[in-house]
Amino acid sequence: MAKYDNSFTDELRQRLSLVDVISRRVPLTKKGQNYWGCCPFHNEKTPSFSVNEDKGFYHCFGCGEHGDIISFVMKSENIDFLEALKELADMAGIKMPEYKQKTQQQIEAEENYIKITDNAAKIYQDLLYTDSGKHALEYIKNRGFNDEMIKKYRIGYAPKNNIISSKFNNIKHDKLVATGLVRIGEYGPYDFFRDKLMFPIFNAHGQIVAFSGRSLDGSEPKYINTTDTELFHKRQTIFGFNFARDAIHRNNRSIIVEGQIDAIQMQCHGFPETVAPLGTALTEDHIAILCKSNRNIVFCFDGDNAGQKAAIRACTLVLPFLRETSDVRFAFVTGGKDPDEILKNSGESAMKKIIDNATPLIDFLWESVNKNYLVNTPGGRTQAEKYLKDCTSKITDKIFQNEINEEYNKRKFNQWHKWKKQEYKPDIELPDIDIMTVNLIKSIVQTYPEIAEKYADFLMSLNISFDEDVKKTELSIKDAEKFIISFKLQRYITKLENDKKQLLFGALNGKEYDKELIKDIDSKLSECSSKLELLLDINK
Ligand SMILES: [Zn+2]
């Protein structure tokens, strides 16, 4: 019997969480490794229906019903295989491909592929412990790898000569080429990896689908990977995932580091839930794979500029996956070091401190906005605000999105407009401002922070509390500014008139009569009044 093409069903399984899908029908609670609920396939009052997210299977200890994400949808909704795929594709937000059956030829090709890559790995592993691999072994031991680690991760050495193309000379060229290990040149087949320290790349089932080779002579690029093949898609593969999978579930989080060696060292020294993207580019697919287990991720980057940029990129990628229960954090390894070096020089506890002190995503985004924009200027704040809004709009859960926007509004108000909280004691006594005017000013300040900023000194002198929230004003920004200017002029006129009155009172009581001062006040008054009239004229 012909098998079905697994790639699409694998993608569905990768993108969707079995627990999420089943939870739509049956409430589940986590107990130990598994989730439990009342079986939807037989009548029961105490839960005997268990769901294992890691393995992707459910099992009922009451009626014996069991299966995977696809059979669950088929059975619980009484629909056929293709209909179930379609429904799951909708849930995952991906398009259903033209459905193809896998041919016997394809199945054989895949089996051949895995056989070749696995045998190649064995050859590389053996060569690491020969004379030709001496420098590679020395290098990896210097990086703190012991024999046990080398064996577990099947690290090897690809020699300078064409070992694969010559050892596999009984296998057809196109089969070798399909694995990416061999290429065909002018003079026949040659090995793609030569004089490289070899790290096998495993798929989620623990089969070797590709390799990553590290240069040993200092030449760039440091790493080359198998180019994409039928069974290896770089954008959808995370290094170390097959080893980290159980731990990601058990520890209820994943850690993403930048390099493969870092990932292995982390896995072996107290952080088994660590993975790394292949090469530097993190993709949406990588996040989707990790978020299937849980949505708790610690990104661990270098503290340099490149690390900051990578973190911002990761941030935008992870935003659509955020839920209110997600815990996403950013940790930075400073001092030009890798997690690998931290572990080697300062030990697990130092690394734990870095991970424990990771900044939550909400704070990281806020901090980076404050770092990257001139938030002490109205223009910079506008840019920052637009950027923040752009980011939060990526959060698909609308209620959560609103909640985050509210949080940022609070921070904008409290941190960007600090002046509004300052105590100010006016040095002159002016009549109280009526409540209508007070409210209008408050709403202008909250609606148009740029106006608030521009007339901050004056607004402060009014001794109004701007702390509580009021409704936004319906005035346009122009009219709002005109109102503030005219109000300012009126206040100034009142102040000048008061000054003049006091001077004249003083004169009546026999005090010195300062003619020059009165003259000055008069000219200021008329200048002020004409400005006010001009302003009111424009309003008409
Ligand atoms: Zn049952």
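A: Four helices each supply at least two residues of the lining of the second largest pocket in this predicted model: α16, α17 (398-416), α18 (435-447) and α19 (449-454). Of these, α17 gives the most, with eight residues. The pocket has a volume of about 890 Å³. By class, the lining has twelve charged, nine nonpolar and seven polar residues.

Now take α16, one of the helices that line this pocket. Helix α16 spans residues 378-392 and packs with helix α15, residues 361-372. The angle between the two is about 155°. Angles over 145 degrees count as roughly antiparallel, and α15 and α16 are therefore roughly antiparallel to each other. Their axes lie 10 Å apart. The crossing of α15 and α16 is right-handed.

Next, the residues in that contact. From α15 come L365, W366 and V369. They meet A384, Y387, L388 and C391 in α16. By class, this contact of α15 with α16 has seven nonpolar residues, with no polar and no charged ones.

The structure holds two cavities of 30 Å³ or more. In the largest cavity lies about 60 Å³ of space. Its lining is made up of Y153, F199, P200, I201, F202, I238, F239, G240, N242, F243 and I264. Strand β9 (196-202) supplies the largest share of this lining, four residues. β12 (238-239) and α10 (241-250) each supply at least two. The lining of the largest cavity has nine nonpolar and two polar residues, and no charged ones.

The second largest cavity holds about 50 Å³ of space. Lining this cavity are E11, Q14, R15, Q236, D285, A288 and I289. Helices α1 (6-15) and α12 (284-293) each supply at least two of its lining residues. By class, the second largest cavity is lined by three charged, two polar and two nonpolar residues.

Key
Residues numbered from 1 in each chain as written. Predicted model: local features only at pLDDT ≥ 70, side-chain atom pairs only at ≥ 80, totals over all residues. Heavy atoms only, no water. Axes fitted to C-alpha atoms, helices over the stretch in contact; angles between N-to-C directions. Parallel < 35°, antiparallel > 145°, perpendicular 65-115°, else oblique. Left-handed = near helix turned anticlockwise from the far one by under 90°. Contact = heavy atoms within 4.5 Å. Nonpolar A, V, L, I, M, F, W, Y, C, P; charged D, E, K, R; others polar. 1 Å grid on protein atoms, 1.4 Å probe; cavity = no way out; pocket = protein on both sides within 12 Å on 5 of 7 lines; lining within 4 Å. Points joined across faces, edges and corners; volume = space filled by probe spheres on them.
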